[in-house]
Amino acid sequence: MHFLDQAKIFLRSGAGGPGAVSFRREKFIEFGGPDGGDGGKGGDIIFEAVPGLNTLIDFRYTQHFRAPRGKGGAGSNKSGAGGEDLVIKVPVGTQVLADNEERTLLADLAQEGQRVTFLKGGDGGRGNASYKSSTNRAPRQHGEGWPGEEMWVWLRLKLLADAGLVGLPNAGKSTFLNSVTNASAKVGDYPFTTLRPQLGVVRHKGREFVLADIPGLIEGAAEGAGIGDRFLGHVERTRLLLHLVDAAGDDPGGAYRVVRGELDAYGAGLADKHEVVALSRADLIDARQLAKVAKAVEKASGARPFAISAPIGEGMEPLLDAIVERLGAGPAEPRPKASEQDRPWSPL
Ligand SMILES: Nc1nc2c(ncn2[C@@H]2O[C@H](COP(=O)(O)OP(=O)(O)OP(=O)(O)O)[C@@H](O)[C@H]2O)c(=O)[nH]1
Ligand SMILES: [Mg+2]
């Protein structure tokens with residue numbers, strides 16, 4: 001599938017700290033020997049696969065990852081402190097690929113909790129104490145510390161959609177996807193502009209979810225009308241459907257029913273999924289008309305639809321709130337079930 005999230009990032013492990021040059025100086029001890037300690041090791045770059053992340057969206061904001069260098073050694077044979085390892089948390093299923101033409105696979109974080117030390121920090125340099133020998137009792141030699149390693153890599157993750165957009169052709173599904181994600185789906189005022197599903201990542205109030213835009217359904221799609229309904233397979237595993245109904249269409253209540261009928265005919269549990277209904281293209285009609293349309297769709301769906309206009313950002317906030325709420329804690333931030341959270345402790 002071409003549903004991939006990817007990000008290019010820069011990694012650098014820490015350099016080793018320099019070894020110290022120092023001589024013991026104490027009262028009553030003449031010509032104290034060399035006592036410069038070794039430098040500390042630089043921090044490693046480590047990948048860790050963690051639950052609760054389902055996209056690579058964070059890597060669009062932070063692209064450079066540098067582990068700290070080791071501290072220098074000191075007198076009295078003190079070694080420098082090691083630089084802390086930098087642990088980069090990635091979603092389970094993330095692959096790390098080389099920035100070359102073949103995109104060579106370098107690491108595969110398939111298991112929850114899996115850790116891969118990807119770049120080693122440089123070793124610390126030796127302090128002058130370690131250069132002491134029978135022929136050189138006062139060495140001034142020391143090591144500078146080994147450099148860290150650096151490289152650009154690609155992170156790649158196969159996405160699974162959390163929510164799917166359904167509706168008649170021209171309902172504004174792709175426009176909606178474009179306005180809430182950084183996808184750039186093709187938009188057109190003719191039916192079946194979208195022929196291939198496309199995904200985008202929505203970030204809303206600290207939560208994120210993956211939204212799938214698919215082609216439009218028409219009456220008889222289950223029997224092959226239009227381009228059929230096989231593309232519904234792409235939303236089979238979503239937890240929620242966002243059903244868009246064109247507010248300016250001829251018969252919004254009827255449009256709603258046609259799409260529901262096709263979801264039913266397709267089967268695979270689509271008709272039983274959570275559904276959020278929104279009237280799209282609401283800017284094209286006046287308030288009175290909108291109230292009428294909302295009533296008709298409420299009658300057909302059993303719930304009051306949201307009214308939106310995606311290109312001008314009208315009505316989007318409450319709709320996204322409702323989607324995030326209905327998706328529940330989801331994989332983004334697992335939290336205890338309400339029943340476990342609210343009930344006071346009791347031995348019974
Ligand atoms: N005025 C207005 N036009 C809109 C709005 N949303 C979408 N449109 C227009 O409606 C037409 C259809 O939009 P699309 O986003 O392509 O609709 P779609 O549901 O993805 O259509 P298919 O891919 O063919 O199923 C385009 O000309 C859009 O510019 C809206 O909120 N207001
Ligand atoms: Mg479309």
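Biologist: Which side chain does Asp58 meet in a salt bridge?

Modeller: First, the general idea: side chains of opposite charge can pair when their charged atoms come close. A salt bridge here is a side-chain nitrogen of Lys or Arg within 4 Å of a carboxyl oxygen of Asp or Glu. Asp58 meets Arg203, at 2.5 Å from N to O. Asp58 is in helix α1 (residues 58-61) and Arg203 in strand β10 (residues 198-204), so the pair ties together parts 145 residues apart in sequence. Helices (H or I, at least four residues) and strands (E, at least two) are DSSP runs, numbered from the N terminus.

Modeller: Two cautions on the source. This is a predicted model: local features need pLDDT of at least 70, side-chain atom pairs count only at pLDDT 80 or more, and totals for chains, interfaces and linings use all residues. Residues are numbered from 1 along each chain as its sequence is written, and side-chain values use heavy atoms, with hydrogens and water left out.

Biologist: How many salt bridges does a search of the whole structure find?

Modeller: The search finds 13. Lys41 and Asp44 form one of them, with their closest N and O atoms 2.7 Å apart. Lys41, Asp44 and Lys120 are linked in a network.

Biologist: Is Asp44 buried or exposed?

Modeller: Buried means under 20% relative accessible area, exposed over 50%, partly exposed in between (1.4 Å probe, protein chains only). Asp44 counts as buried, because its relative accessibility is 6%. Lys41, at 29%, counts as partly exposed.

Terms used
Chains are lettered from A and ligands numbered from 1 in the order in which they are written.
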